[in-house]
Amino acid sequence: MKIVITGGTGFIGRALCRALAAEGHDVVVLSRRAGEGELGLDPSVRVVEWDGVTAGPWERELEAADAVINLAGASIAEARWTAERKRMIYESRIAPTRLLAQALGRASARPRMFLSASGVGYYGPRDDRPLQEHDPPGTGFLAELCVAWEREAMSAQQAGARVVCLRFGMVLEKDGGALPKMLPPFRAFIGGPIGPGTQWVSWIHRQDLIGIMEWVLAAPAVSSPVNAVAPGAVTMREFCATLGRVLRRPSWLPVPERVLRLALGELGTVLTTGQRVLPEVAQQGGYRFRYPSLEPALQAILGPAVSARPAA
């Protein structure tokens, strides 16, 4: 298959490109960093310049492509949510998704599939009730962002593409995402849950996220949306207790909500709320998770490093 990817140089995109290239697919990455070198991509992956805003020669790569995977977007948790930061987060997702959907409509040999990232923030802050793909959106900045993001992606249906919006949970691996930021306090024996600890964490090992994307590519009956989370959602308290066990460190010092809100503003509020999301479509469709439970997932990610350290 010829697969065109945006956001292919990021934490998820690099691993996805490696996996697809290893399977023999023709992978093309659209990137603002084209020509920089040292992008961490497989040598067989071609990198083509685009700015995510304007039409241009990059559109030729859509011709005869089998699928487009859209992972473009600024980091959600990289910095405090000022008005300017929220605008950047919003526009870095909406503009490229709209641009791709419009370009698909102009292509003479149109891609059959359009996979676009979204997030479990779609459901907004929720209680303990398990959430499936058919549940309505919640409220708040992330929910509104995901609704708008998915709306732009779904417009690619007008070009005849099968559209799948993948609602990512917390993606776990040691070379990016939230997990590396959580490790230093635990290794310093001052780790603990964020906020009340009762909020739900819907997580997924990066290998399973890539596995779900590959499964969607090969499953023509699957359509939007798909919850890209493991079936074993846990509370923040359970997450941190499990992380402490894997690291052989205690999990006893919670981070107070008021500290997070002072330091991070509205972003701090998001970290103290959560959603209990289930991967109903993936499970019903036959996807088999490599890591359905948290502790084996963390052991797989952190095991070699942990085994090299003495027990506390």
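Where does tryptophan 252 lie? Tryptophan 252 is in the loop between α6 (236-247) and α7 (257-264); helices here are DSSP runs of H or I with at least four residues, strands are runs of E with at least two, and both are numbered from the N terminus.

Okay, quick background. This is a predicted model, where local features need pLDDT of at least 70 and side-chain atom pairs count only at pLDDT 80 or more, while totals for chains, interfaces and linings use all residues. Residues are numbered from 1 along each chain as its sequence is written, and side-chain values use heavy atoms, with hydrogens and water left out.

Now, salt bridges. We call it one when a side-chain nitrogen of Lys or Arg is within 4 Å of a carboxyl oxygen of Asp or Glu, and by that rule there are 12. Take arginine 46 and glutamate 61, whose side chains meet at 3.1 Å, N to O. Arginine 46 lies in strand β3 (residues 46-49) and glutamate 61 in the loop between β3 and β4 (67-70), so this pair ties together parts 15 residues apart in sequence. Lys2 joins in too: Lys2, Arg46 and Glu61 are linked in a network of salt bridges.

Are these two buried or exposed? For us, buried is under 20% relative accessible area, exposed is over 50%, and partly exposed is in between (1.4 Å probe, protein chains only). Glutamate 61, at 14%, counts as buried, while arginine 46 is partly exposed at 36%.

Next one: glutamate 150 and arginine 167 form a salt bridge at 2.8 Å, N to O. Glutamate 150 sits in helix α3 (residues 141-154) and arginine 167 in strand β6 (residues 162-168), 17 residues apart. Glutamate 150 is buried at 8%, and arginine 167 is buried at 2%. Arginine 167 also has its charged end over the ring of tyrosine 122, 3.6 Å from the centre; to count, NZ of Lys or CZ of Arg must be within 6 Å of the ring centre and within 35 degrees of the ring normal.

Last topic, rings. Phe, Tyr and Trp rings (for Trp, the six-membered one) pair if their centres lie within 6.5 Å, and planes under 30 degrees apart are stacked, over 60 edge-to-face, the rest tilted. The whole structure has 5 aromatic pairs. One of them is tryptophan 81 with phenylalanine 141, edge-to-face, 5.1 Å centre to centre and 70° between the planes. Both tryptophan 81 and phenylalanine 141 are buried. And lysine 86 puts its charged end over the ring of phenylalanine 141, 4.9 Å from its centre.
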